Structures are given as structure tokens and as C-alpha cells.
Amino acid sequence: MPPLPNAELVQSSVQLYRYLLRCCKHLPEENIRQHYRHAIRQSFKVHADEDDPERIQQIIKRAIEDADWVMNK
């Protein structure tokens with residue numbers, strides 16, 4: 001079960017970024033939300049120069065799976 005509806009509609013890095021930040025709003029404590037927002041921003045900086053479409057789709061899929069795990073934890 002995805003953490004938020006429409007996870008299957010995420011196709012671009014910008015959509016993923018917004019989706020993950022929206023997921024953070026559902027976390028219970030502010031310090032946890034800040035931690036994951038920071039991690040999301042750092043991850044996007046690390047992968048900013050990625051240009052292989054197949055690799056980008058792998059990153060998107062993995063990020064949604066990780067968000068699902070965090071939200072169900």
C-alpha cells in the first residue's frame with residue numbers, strides 16, 4: 001500500500017520530490033519530519049545530474065518503496 005494516493009502517477013523527479021515532501025507531512029513528530037525533509041533534499045542534490053531515463057525510473061521506484069516503509073514503520 002503506497003503512503004499516499006497516486007504514488008503510481010509519479011513519473012518525474014519533480015513529481016517525486018513533491019510527493020515525498022507531502023509524505024513527510026503525515027509523520028507524527030516535527031523532528032522526524034525535519035530529518036526526512038533534509039534527507040529528501042540531500043538525495044535530490046546527489047542525483048541532480050542523473051540523465052539516464054532508466055536509472056531515474058529505478059530511483060523513483062526505490063524512493064516510493066522507501067517512503068512506503070517509513071510511513072508504515
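User: Contact means heavy atoms within 4.5 Å. Which residues in H1 meet which residues in H2?
Analyst: The model is predicted, so local features need pLDDT of at least 70 and side-chain atom pairs pLDDT 80 or more, whereas totals for chains, interfaces and linings use all residues. Residues are numbered from 1 along each chain as its sequence is written, and side-chain values use heavy atoms, without hydrogens or water. On the side of H1, the residues are Ser13, Leu16, Tyr17, Leu20, Leu21 and Cys24. Their counterparts in H2 are Arg33, Tyr36, Arg37, Ile40, Arg41 and Phe44.

User: How many helices and how many strands does the secondary structure of the chain hold?
Analyst: Helices (H or I, at least four residues) and strands (E, at least two) are DSSP runs numbered from the N terminus. Along the sequence, the pattern is α-α-α. The secondary structure therefore amounts to three helices and zero strands.

User: What is the orientation of H1 to H2, roughly parallel or roughly antiparallel?
Analyst: Axes are lines fitted to C-alpha atoms over the helix stretch in contact, with angles from 0 to 180 degrees between N-to-C directions. Angles under 35 degrees count as roughly parallel, over 145 as roughly antiparallel, 65 to 115 as roughly perpendicular and the rest as oblique. For H1 and H2, the packing angle is about 170° and the axes lie 9 Å apart. H1 is therefore, relative to H2, roughly antiparallel.

User: At what angle do H1 and H3 pack?
Analyst: H3 covers residues 53–72. The axes of H1 and H3 are 11 Å apart, and the two helices are roughly parallel to each other. The angle at which H1 and H3 pack is about 5°.

User: Which residues of H1 and H3 make the contact between these helices?
Analyst: H1 contributes Ser13, Leu16, Tyr19, Leu20 and Cys23. Ser13, Leu16 and Leu20 also belong to the set of H1 residues that meets H2. On the H3 side, the contact is made by Ile60, Ala63, Ile64, Ala67 and Met71.

User: What percentage of the residues in the chain is buried?
Analyst: The chain has 73 residues. For the chain, the buried share is 26%.

User: Is Ala48 buried or exposed?
Analyst: Ala48 lies in the loop between H2 and H3. Ala48 and Ser13 are 35 residues apart in sequence, with a C-alpha to C-alpha distance of 9.1 Å. The relative accessibility of Ala48 is 62%, so this residue counts as exposed.

User: What separation is there between the C-alpha atoms of Ile56 and Ser13?
Analyst: Ile56 has its place in helix H3 and is partly exposed, with a relative accessible area of 25%. Leaving aside neighbours within four places in sequence, Ile56 is in contact with Glu50 and Asp51. Ile56 and Ser13 lie 43 residues apart along the chain, and their C-alpha atoms are separated by 7.6 Å.

User: What does the C-alpha trace of the chain span along its principal axes?
Analyst: Among contacts between residues at least 6 apart in sequence, 53% join residues at least 24 apart. Along the principal axes, the C-alpha trace spans about 35 × 25 × 15 Å.

Conventions: Buried means under 20% relative accessible area, exposed over 50%, partly exposed in between (1.4 Å probe, protein chains only).
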